[in-house]
Amino acid sequence: MSERVLQTSCVIAGGGPGGMMLGLLLARAGVDVIVAEKHDDFFRDFRGDTIHPSTIDLLDQLGLRERFDAIGQSAIHTLDVVINRNRMTPVDFSNLRGRNQSIALMPQWDFLSLLAEEAARYPNFRLLLGTEVTGLVHNRSRVAGVAAVTKDGPVEIRALLTVAADGRDSTVRAASGLVPREYGVPVDVLWFRLPKTGTPPPDTLAYLNSESMVITIPRTDYYQAGMLIKKGTYGEIQEGGIEEFRARIVRAAPFLAPVVASLETWDQIKLLTVQVNRLSQWWLPGMLCIGDAAHAMSPAFGVGVNYAIQDAVAAARILAEPLRTRTISSRDVERVQARRLPPVRLMQPIQLRLHAVIAKPGGGGFLPDPMLPWQKRVADTVLPVARKVLARIVGRGFRPEKLDGVLLRPLAPHRSAVELRADAQLHRLRSRDKKCATP
Ligand SMILES: Cc1cc2nc3c(=O)[nH]c(=O)nc-3n(C[C@H](O)[C@H](O)[C@H](O)COP(=O)(O)OP(=O)(O)OC[C@H]3O[C@@H](n4cnc5c(N)ncnc54)[C@H](O)[C@@H]3O)c2cc1C
């Protein structure tokens with residue numbers, strides 16, 4: 001079959017949070033943009049489902065708040081932890097200035113569908129689902145687009161700028177020869193769902209004891225639960241049997257005793273390998289990496305989605321105009337890295353430190369039950385300060401991005417009301433079908 005060739009100003013590999021937000025913003029600014037996503041839809045095994053206040057601020061700016069609020073979600077206002085039965089609140093988002101003072105938890109597919117639905121209003125936006133990018137196309141020493149496969153055969157997408165937003169195992173990054181530096185994290189996460197208990201305790205991010213750390217993210221009608229394990233030890237844990245695994249959960253989080261029996265087989269548990277890494281150079285002539293493709297974040301504080309989105313906003317702010325006027329140069333692309341590297345370079349060491357000290361199996365062992373009087377005094381002094389500082393660092397991030405110029409006042413003409421209704425209906429149908437199929 002002969003290869004099809006598509007032309008655009010910007011091709012984005014990957015329709016995750018970073019890729020979809022960048023696609024939407026560039027489309028609003030009048031840039032011709034194609035997002036190539038390898039899956040046929042937005043449904044994934046596991047995705048970060050946290051939407052932090054800085055992202056909700058952006059949705060306000062984009063006028064998407066009403067539609068966002070209509071999506072089923074839960075909100076967390078504080079990040080509480082229970083360390084050896086000592087409950088404490090190190091993060092309290094009510095300390096944030098502004099309207100948005102909580103983290104929203106919603107299925108990532110709903111969030112991505114909202115962005116896709118909004119982007120579809122712009123005729124200069126194309127989302128190619130079921131399109132897997134397999135490599136780069138070059139024009140002399142410059143990246144000039146991507147090669148991809150679809151079920152209708154191969155396709156080449158030529159562009160002034162190629163963006164790698166294809167996640168931590170980025171194909172585009174690998175094809176470019178850019179190699180991230182790994183900052184070894186000694187833990188992995190086992191994710192599973194647990195039903196909510198009859199009289200649930202206050203919303204709590206994690207329970208730690210001298211053996212385990214159990215995550216209990218409250219979703220609308222279940223816990224998104226996890227256990228941090230020593231990297232590479234999942235096999236050993238499985239050998240110990242599911243019963244022992246359930247007992248280990250209960251030893252760290254006794255309130256889960258009535259519901260752990262719902263974990264019957266290892267098929268209900270998903271292993272996620274935690275990585276923290278980053279590129280020293282995020283770009284090549286004609287190409288830019290953003291989100292996890294540029295810097296994989298650990299799940300600590302759940303900021304990965306937000307950092308990918310902030311990268312997208314910075315990229316759109318800096319690159320929309322040179323892309324629209326077809327004057328884009330390596331200097332423009334370099335400016336995106338210069339803008340976003342400092343926040344990443346500040347956040348990743350915080351995550352690494354957290355894993356080294358507390359967020360690891362047995363990380364709660366340092367605190368006895370009950371706390372010694374001097375420990376209580378230290379906690380009473382440190383926590384009120386931590387609550388404010390961490391609310392800012394976690395909720396808004398370092399150097400939060402704002403929309404301005406054409407990103408706020410879109411240039412591109414919208415689709416007709418009839419086309420829009422058809423698109424919205426399609427997304428809703430897809431979402432409903434899939435939800436019905438999800439256990
Ligand atoms: C265990 C764990 C838990 C986490 N929990 C959270 C959390 O609670 N909150 C949070 O904010 N973050 C969390 N993260 C991090 C978060 O998932 C990522 O940081 C975030 O999703 C990065 O967004 P992205 O758009 O850069 O990439 P991704 O979300 O990885 O999206 C990449 C997209 O590219 C597509 N793709 C991949 N290869 C190709 C290809 N060759 N061609 C076309 N498309 C391709 C993928 O299908 C995907 O849609 C967690 C991470 C881990 C490991």
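This is a predicted model: local features need pLDDT of at least 70, side-chain atom pairs count only at pLDDT 80 or more; totals for chains, interfaces and linings use all residues.
Me: How many residues of β1 are buried?
Reply: Buried means under 20% relative accessible area, exposed over 50% and partly exposed in between, using a 1.4 Å probe and protein chains only. Strand β1 is mostly covered, and of its 10 residues the buried ones number seven.

Me: How many disulfides does a search of the whole structure find?
Reply: The test asks for a pair of cysteine sulfur atoms within 2.5 Å. The sulfur of C10 has its closest cysteine sulfur in C289, and at 13 Å this is too far for a bond. C10 is buried, with a relative accessible area of 0%, and C289 also counts as buried at 0%. For the whole structure, the number of disulfides found is zero.

Me: What kind of ring pair do Y207 and F255 form?
Reply: Rings of Phe, Tyr and Trp (its six-membered ring) pair if their centres lie within 6.5 Å, with planes under 30 degrees apart counted as stacked, over 60 as edge-to-face and the rest as tilted. Y207 is in strand β14 (residues 206-208) and F255 in the loop between α7 (242-252) and β17 (270-273), 48 residues apart. Their ring centres are 5.1 Å apart and their planes stand at 35°, so the pair is tilted.

Me: What kind of pair do Y223 and F255 form?
Reply: Y223 lies in strand β16 (residues 222-230), so its pairing with F255 ties together parts that are 32 residues apart in sequence. Y223 counts as buried at 5% relative accessibility, and F255 does at 19%. With ring centres 5.8 Å apart and planes at 85°, the pair is edge-to-face.

Me: The charged end of which residue sits over the ring of Y223?
Reply: Here NZ of Lys or CZ of Arg must be within 6 Å of the ring centre and within 35 degrees of the ring normal. The charged end in question is 5.7 Å from the centre of the Y223 ring, and it belongs to K196.

Me: Which strands are at the edges of the open sheet of seven strands?
Reply: The strand order is β6-β5-β14-β15-β16-β13-β17, and the pairing is mixed. The strands that pair on one side only are β6 (86-92) and β17.

Me: What angle does the direction of α7 make with that of β16?
Reply: Axes are lines fitted to C-alpha atoms, for helices over the stretch in contact, with angles from 0 to 180 degrees between N-to-C directions. Contact means heavy atoms within 4.5 Å. Helix α7 packs on the sheet, touching β13 (187-195), β14, β15 (213-218) and β16, and its direction makes with that of β16 an angle of about 100°.

Conventions. Residues are numbered from 1 along each chain as its sequence is written. Side-chain values use heavy atoms; hydrogens and water are left out. Helices (H or I, at least four residues) and strands (E, at least two) are DSSP runs, numbered from the N terminus. Two strands pair if DSSP finds at least two bridges between them.
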